[in-house]
Amino acid sequence: MLLAFTLFTGCEEVTSTKIEIAEQPANVVFGMGEELSVQGARLRVYHGDASSEVIDVTDDMLVNLSSIDMNTLGEKQVTVRYEGLTTTITIYVANRVGTEEELKEALAAGGYIALSADIETGSRFDITCSVTLLGGGHKLISTENLSSNQGILLAKDVENVSLTVKNCVIQGQKIVGISYENTTGFQLNVSDCEISTLRYGIHSRGSKDTEVSITDCTINSWGCYYARASQDETVTITGSALLGTNIYSGDSNGFANISIQYGGGNPAMPSKNITVNVNDSTMFAITRTENSQKILSVVSSETAVNENAKVYFT
């Protein structure tokens, strides 16, 4: 139960009614065993007279520090209490990696991983177990022309695996940004990321029972989201920019923002029950909107190819 705090100023009373984090701490990602600090965090306090103020978060406001385990990987919630009101700060304990080999080893082990530097690779990074990758604004860069249908981050032939990518820049030439192939029950969550690849930004191929969330991202690729021979997939795109050109495409106008292949191709199987929900805060930019009758390329309005491929704008 939340309590409201009442302050008397002369004959007037001012009640604190709500608090929220106004500014995140300078650091929200920690290595195992590191000391937790929320230095730099600021709190907005709302009052009953419609006024508000921003104050620093101090150590005496943190009520659950002793119960936060900094020796295990994961997402942690720091509780902040001020004048009887509470809110939380999310921090992460993660394996820090700064080289290609370190990242490959960490991905094989799974869990929470934080980039401490830009990483260039001539190969790709396999996703074989559930992973949360915290980019911290750093880049994953493919330096080679790899297969055009598989991603720098590739989940293949796995079941019930999740991949979460936050605040990361993914760049590559003849390659896909993130791809999942022949997966079942795969979950992909991408937020605050920039993906710029010559081929597709996100590519689904031959996968089943997939949930995808793309939030506050810029995908600048020849094809931004492309489903091929996949079934029962739900994609939600919020607050993002899907662009049909990129730094590698030269004069090309791009292929499509959202593409659902429901016949032909390799493998020659239809995509079935693919639903893409796009909210009105997402921006589209492309000049060429159609490639062939087998491709759905959508830039505006509600479109239903048939009962197996639908795109909704909400």
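These legends accompany close-up views of one predicted model. Local features need pLDDT of at least 70 and side-chain atom pairs count only at pLDDT 80 or more, while totals for chains, interfaces and linings use all residues. Residues are numbered from 1 along each chain as its sequence is written, and side-chain values use heavy atoms, with hydrogens and water left out.

View 1. Helices (H or I, at least four residues) and strands (E, at least two) are DSSP runs, numbered from the N terminus. Of the 314 residues in the chain, 48% are buried. Buried means under 20% relative accessible area, exposed means over 50%, and partly exposed lies in between (1.4 Å probe, protein chains only). The accessible surface of the chain is about 14,300 Å². Carbon and sulfur atoms hold 44% of that surface. Accessible areas come from the Shrake-Rupley method with a 1.4 Å probe; for residues, only the protein chains shown count as cover. Among contacts in the chain with a separation of 6 or more, 59% are between residues 24 or more positions apart. Contact means heavy atoms within 4.5 Å.

**View 2. Three strands form an open sheet in the order β3-β7-β6.** The pairing is mixed. Two strands pair if DSSP finds at least two bridges between them. β3 (29–30) and β6 (74–82) are the edge strands, and each pairs on one side only. β3 runs parallel to β7 (residues 85–93), with two bridges between them. Phe 30 stands opposite Val 93 of β7.

**View 3. The largest pocket has a volume of about 310 Å³.** Its lining comprises 16 residues. Closest to the pocket centre are Val 28, Val 29, Leu 134, Gly 136 and Asn 167. By class, the lining has six nonpolar, seven polar and three charged residues. Ala, Val, Leu, Ile, Met, Phe, Trp, Tyr, Cys and Pro count as nonpolar; Asp, Glu, Lys and Arg count as charged; the others, Gly among them, count as polar. The search uses a 1 Å grid over the protein atoms alone: a pocket is an open set of points where a 1.4 Å probe fits, with protein on both sides within 12 Å along at least five of seven lines, and lining residues have an atom within 4 Å of a point. Grid points are joined across faces, edges and corners, and the volume is the space filled by probe spheres set on the points.

**View 4. Strand β17 (residues 176–181) is largely enclosed by the rest of the structure, because six of its six residues are buried.** β17 pairs in the parallel sense with β14 (residues 151–156), over five bridges. Here Leu 153 stands opposite Ile 178 of β17. β17 also runs parallel to β20 (residues 200–205), joined by four bridges. In this pair Tyr 180 stands opposite Ser 204 of β20.

**View 5. Ala 50 and Asp 192 are shown for their positive phi values.** Most residues other than glycine have a negative phi. Ala 50 has a phi of about 75°. Its loop runs between β4 (42–47) and β5 (52–56). Ala 50 counts as exposed, because its relative accessibility is 76%. Asp 192 has a phi near 55°. Its loop runs between β18 (187–191) and β19 (194–197). Asp 192 is partly exposed, at 45% relative accessible area.

**View 6. Thr 164 sits in strand β15 (residues 162–166).** Thr 164 is buried, with 15% relative accessible area. Leaving aside neighbours within four places in sequence, Thr 164 is in contact with Val 131, Thr 132, Leu 133 and Asn 189. The C-alpha atoms of Thr 164 and Gln 187 are separated by 8.2 Å, and the two residues are 23 residues apart along the chain.

**View 7. Ser 230 lies in the loop between β23 (223–228) and β24 (231–238).** Ser 230 is buried, with a relative accessible area of 0%. The C-alpha atoms of Ser 230 and Asn 273 are separated by 8.4 Å. Along the chain, these residues are 43 residues apart.
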